[in-house]
Amino acid sequence: MQRFWQVAVLYSAISLGGALMTSTASATAIGAEPVGGFEMETPAGVTVRVPECQLNHEIHGSGKKITHQIAYLGCAVPQFSLCNWRIDFHYADTNGKTYKVDKGKTHHSCDLSAKREIKENRTLKHYGKACAHLLVNGKRRGVQCHYITEE
């Protein structure tokens, strides 16, 4: 029985995300989900409105093995800084039960680039889904997932 990644990609109106199946031996999943329209407090105590952005998420690997994973926020507004943010990677089984959360570092400063990347090999415990969660000031503001299944 061959294994492959079934990719579920959610698009926003401004998304350039897509999915590419390179072969049954290896696969790449790329997707984007809209994020924005909320207020955020900066470390200086100033409240600013987060513009429409998108949470981009890529996974490379084959079967249950992930070789590279990256998630980042892309905004149409140039020079926009995100404050007090982190990106977590969540892994769930085929019943939707989360069995692992890989918490990212909280960035207390304001950064022009909200990005998290893992370049180490990791083997998932179960087929199911792998998701990137964007948190700002401790509150989840965006999620983008890819389904990883067995044929």
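This is a predicted model: local features need pLDDT of at least 70, side-chain atom pairs count only at pLDDT 80 or more; totals for chains, interfaces and linings use all residues.
Strands β7 and β8, the latter covering residues 98-102, pair in the antiparallel sense over four bridges.

How confident is the predictor? The protein averages a pLDDT of 82. Of the residues, 82% score at least 70. β8 has the highest mean pLDDT of the elements, at 97. Strand β1, residues 19-20, has the lowest, at 36. Over residues 1-25, pLDDT stays under 50. The model still has 66 contacts beyond four places in sequence for that stretch.

Now follow β8 to Asp 102. This residue forms a salt bridge with Arg 116, and their closest N and O atoms are 2.7 Å apart. The partners come from distant parts of the chain: Asp 102 is in β8, while Arg 116 is in strand β10, residues 115-118. They are 14 residues apart. Are these two buried or exposed? Asp 102 is buried, with a relative accessible area of 15%. Arg 116 also counts as buried, at 15% relative accessibility. The cut-off for buried is under 20%, so both values qualify.

Asp 102 has another partner. Arg 122 forms a salt bridge with Asp 102, with 2.9 Å between the closest N and O atoms. Arg 122 lies in strand β11, residues 122-123, and Asp 102 in β8, so this pair ties together parts that are 20 residues apart in sequence. Arg 122 is buried, with a relative accessible area of 15%.

The side chains of Glu 120 and Arg 122 meet in a salt bridge, 3.3 Å from N to O. Glu 120 is partly exposed, with a relative accessible area of 48%. Shared partners join Asp 102, Arg 116, Glu 120 and Arg 122 into one network of salt bridges. The structure as a whole holds five salt bridges. Side chains of opposite charge can pair when their charged atoms come close.

Met 40 lies in β3. Met 40 is buried, with a relative accessible area of 2%. Beyond four places in sequence, the residues it touches include Val 46, Phe 80, Leu 82, Cys 83, Val 136 and Asn 137. Met 40 and Asn 137 are 97 residues apart along the chain, yet their C-alpha atoms are separated by 7.3 Å.

Finish with His 57, in strand β5. His 57 is buried, with a relative accessible area of 0%. What does its side chain make a polar contact with? The partner is the side chain of Gln 144, at 3.1 Å. Leaving aside neighbours within four places in sequence, His 57 is in contact with Ile 30, Ile 70, Phe 89, Cys 131 and His 146, among others.

Methods
Residues are numbered from 1 along each chain as its sequence is written. Side-chain values use heavy atoms; hydrogens and water are left out. Helices (H or I, at least four residues) and strands (E, at least two) are DSSP runs, numbered from the N terminus. Buried means under 20% relative accessible area, exposed over 50%, partly exposed in between (1.4 Å probe, protein chains only). Contact means heavy atoms within 4.5 Å. A polar contact is a pair of N or O atoms within 3.5 Å; within protein, one must be able to donate a hydrogen and the other to accept it, and residues adjacent in sequence count only if both atoms are side-chain atoms. Two strands pair if DSSP finds at least two bridges between them. pLDDT is the predictor's confidence in each residue, from 0 to 100. A salt bridge is a side-chain nitrogen of Lys or Arg within 4 Å of a carboxyl oxygen of Asp or Glu.
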